[in-house]
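Welcome! Have the sequence and the model at hand as you read.

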Amino acid sequence: MKAAKKTIPEDAAHVLIVDDDDRIRSLLKRYLSENGFRTSVAGNAKEARALMASVDFDALVLDVTMPGETGFELTKSVRAASNVPILLLTARGLAEDRIEGLEMGADDYLSKPFEPRELLLRINSLLRRSAPAGGEKREVKFGGCTFSLGRSELRKNGEPVRLTSGEAALLKALAQKPREAISREALAEQTAQGMERSVDVQVTRLRKKIEEDPRAPIYLQTVRGVGYALMTD
């Protein structure tokens with residue numbers, strides 16, 4: 001007797017997978033669907049843009065080494081207009097690739113080959129980090145900025161500042177312990193960045209958004225020999 005097909009709820013998170021490898025697209029679409037996600041696929045950036053023009057996705061999984069427009073280029077373009085969580089699939093797994101992806105605005109990365117279950121766990125982690133938390137209402141202020149820990153929202157001089165989920169997770173980790181030095185290792189663990197160099201990249205991006213002069217930071221300070229601290233009012 002054939003098993004009944006699993007029905008995916010209408011409000012389930014919708015993930016877009018962009019990869020030029022037919023086998024990977026088929027495998028990931030099936031696996032994520034079996035685990036409760038609505039899933040769409042595209043073979044290149046052009047197809048992805050066509051889908052994104054009509055659908056608001058909850059997360060994007062982008063292959064880096066696609067022909068034509070690369071995953072890096074698509075990430076940079078998407079990030080200019082959207083905070084949607086982005087996970088990059090890197091074939092080589094080089095630190096330079098991961099860092100470049102973060103600089104373009106990606107939130108996480110996974111090296112090929114990988115286990116589908118690890119991808120599932122990383123997507124769930126990204127969605128948790130990007131989802132507004134209902135219970136926590138506290139806000140911290142520094143200079144002209146106000147950051148809501150509950151909503152992971154930053155405002156500067158009253159205007160909203162767009163944060164990637166990785167940047168929001170890092171700022172939240174620092175804001176939870178204001179004026180206290182937190183090690184780069186601890187921040188890497190708390191924000192799922194995986195390595196301390198990735199934290200440095202996110203700090204550089206955050207400083208450009210919150211500091212008047214990112215080269216002489218007042219609020220997101222480096223604590224020599226330890227890590228970073230957020231100097232709140």
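**A buried aspartate and its surroundings**

Asp200 has a relative accessibility of 14%, so this residue counts as buried, the cut-off being under 20%. Keep in mind as you look around that this is a predicted model.

**Around Asp200**

- You will find Asp200 in helix 8.
- The side chain of Asp200 meets that of Arg184 in a polar contact of 2.5 Å.
- If neighbours within four places in sequence are set aside, the residues in contact with Asp200 are Arg184 and Tyr228.

**Helix 4 and its cover**

- Helix 4 spans residues 95-104, and its buried residues include Asp97, Arg98, Ile99, Gly101 and Leu102.
- Just past the end of helix 4 comes Gly105, with a positive phi of about 120°.

**The aromatic pair**

- One aromatic pair is present in the structure.
- Its partners are Phe142 and Tyr219, in a tilted arrangement with 6.0 Å from centre to centre and 50° between the planes.
- Phe142 belongs to strand 6 (residues 139-142), while Tyr219 sits in the loop between helix 8 (196-210) and strand 11 (220-223), so the pair ties together parts that are 77 residues apart in sequence.
- Both Phe142 and Tyr219 are buried.

**The nonpolar cores**

- The largest nonpolar core has 25 residues, and those that touch the most other members are Phe142, Phe147, Leu154, Leu163, Leu171, Leu174 and Leu187.
- Two or more residues of this core come from each of strand 6, strand 7 (145-148), helix 6 (165-175), helix 7 (184-190), helix 8 and strand 12 (227-230).
- Helix 6 is the biggest contributor to this core, giving six residues.
- Leu163, one of the core members named above, is in contact with Asn83, Phe147, Ser152, Leu154, Ala168, Leu171, Leu206 and Lys209, leaving aside neighbours within four places in sequence.
- Another core, of 21 residues, lies apart from the largest one, and among its members are Ala45, Leu60, Met66 and Leu74.

Conventions: Residues are numbered from 1 along each chain as its sequence is written. This is a predicted model: local features need pLDDT of at least 70, side-chain atom pairs count only at pLDDT 80 or more; totals for chains, interfaces and linings use all residues. Side-chain values use heavy atoms; hydrogens and water are left out. Rings of Phe, Tyr and Trp (its six-membered ring) pair if their centres lie within 6.5 Å; planes under 30 degrees apart count as stacked, over 60 as edge-to-face and the rest as tilted. Helices (H or I, at least four residues) and strands (E, at least two) are DSSP runs, numbered from the N terminus. Buried means under 20% relative accessible area, exposed over 50%, partly exposed in between (1.4 Å probe, protein chains only). A polar contact is a pair of N or O atoms within 3.5 Å; within protein, one must be able to donate a hydrogen and the other to accept it, and residues adjacent in sequence count only if both atoms are side-chain atoms. Contact means heavy atoms within 4.5 Å. A nonpolar core is a set of buried Ala, Val, Leu, Ile, Met, Phe, Trp, Tyr and Cys residues joined through side-chain atoms within 4.5 Å.
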